[in-house]
Amino acid sequence: MTEKESNRIKKDYLWSYQPVEKRIRQLDGEIERLRLERDATKAIQYSGMPNGQADRTSPQESYVMALEDAMQKREKLRIEYIRQQNEIKQAIHAIGDPELELLLEYRYMECMTIAQVASKIKYSISTTNRKHSMALRLFELPQNDTQ
């Protein structure tokens, strides 16, 4: 595999941070919405009069159980996304050079352009490009993500 191909794979992996971040925020919103819906449904009062159905859950109870199941599934997904995010952060921090790690964080985690990164770290664009290339050379994909 050429260095260019290797860098493309590394960049694709690093760029995956932002969609994961957005998905976590989306799931947080969905979970909160489901909690509110569940709590509103639980707040409904029933008369307690027998309806001739033995040992069956009411439609409201079934709905609440379905909401709780959906919340659990979303929470599991959220935990997996957070694990992926942490994996990316750990891979960046494994470089061992705080300056290069910060450069990758700005570029891929905060979605800054190279010009913005250069301004932030107080280097010229050409120096920032050179350091970015160095950071990519030192960056290693976690073992479970390599082909």
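Me: At what angle do helix 3 and helix 4 pack, and how far apart are their axes?
Reply: Helix 3 and helix 4 pack at about 145°, and their axes are 9 Å apart. Axes are lines fitted to C-alpha atoms, for helices over the stretch in contact, and angles run from 0 to 180 degrees between N-to-C directions. Before going on: this is a predicted model, where local features need pLDDT of at least 70, side-chain atom pairs count only at pLDDT 80 or more, and totals for chains, interfaces and linings use all residues. Residues are numbered from 1 along each chain as its sequence is written, and side-chain values use heavy atoms, with hydrogens and water left out.

Me: Which residues of helix 3 and helix 4 meet?
Reply: Lys 89, Ile 92 and His 93 of helix 3 meet Glu 101, Leu 104, Glu 105 and Met 109 of helix 4. Contact means heavy atoms within 4.5 Å. By type, the residues of this contact are 3 nonpolar, 1 polar and 3 charged. Ala, Val, Leu, Ile, Met, Phe, Trp, Tyr, Cys and Pro count as nonpolar, Asp, Glu, Lys and Arg as charged, and the others, Gly among them, as polar.

Me: Stepping back, how many helices and strands are there?
Reply: The chain has 6 helices and 0 strands. Helices (H or I, at least four residues) and strands (E, at least two) are DSSP runs, numbered from the N terminus.

Me: What percentage of the chain is buried?
Reply: Of the 147 residues, 33% are buried. Buried means under 20% relative accessible area, exposed over 50%, and partly exposed in between (1.4 Å probe, protein chains only).

Me: Which residues touch the most other members of the largest nonpolar core?
Reply: Tyr 13, Leu 14, Ile 88, Ile 92, Leu 104, Val 117 and Phe 139 do, in a core of 20 residues. Helix 1 (3-15), helix 3 (59-93), helix 4 (98-109), helix 5 (114-121) and helix 6 (125-138) each supply at least two residues of this core. Helix 4 gives the largest share, 6 residues. A nonpolar core is a set of buried Ala, Val, Leu, Ile, Met, Phe, Trp, Tyr and Cys residues joined through side-chain atoms within 4.5 Å.

Me: Is Leu 14 buried or exposed?
Reply: Leu 14 is buried, with a relative accessible area of 0%. Leu 14 is in helix 1. Leaving out residues up to four places away in sequence, Leu 14 touches Ile 88, Ile 92, Leu 104, Tyr 108, Leu 136 and Phe 139.

Me: New topic. How do helix 1 and helix 6 pack, and at what angle?
Reply: Their angle is about 90°, with the axes 10 Å apart. That makes helix 1 roughly perpendicular to helix 6, a term for angles of 65 to 115 degrees (under 35 is roughly parallel, over 145 roughly antiparallel, the rest oblique). Glu 3, Asn 7, Lys 10, Lys 11 and Leu 14 of helix 1 make the contact with His 132, Leu 136 and Arg 137 of helix 6.

Me: Now helix 5. Which of its residues are buried?
Reply: Ile 114, Val 117, Ala 118 and Ile 121 are the buried residues of helix 5. Seen down the helix axis, they fall within an arc of 100°, so they line one face of helix 5. The arc is that of the directions from the helix axis to the C-beta atoms.

Me: What covers them?
Reply: The cover includes helix 4 and helix 6.
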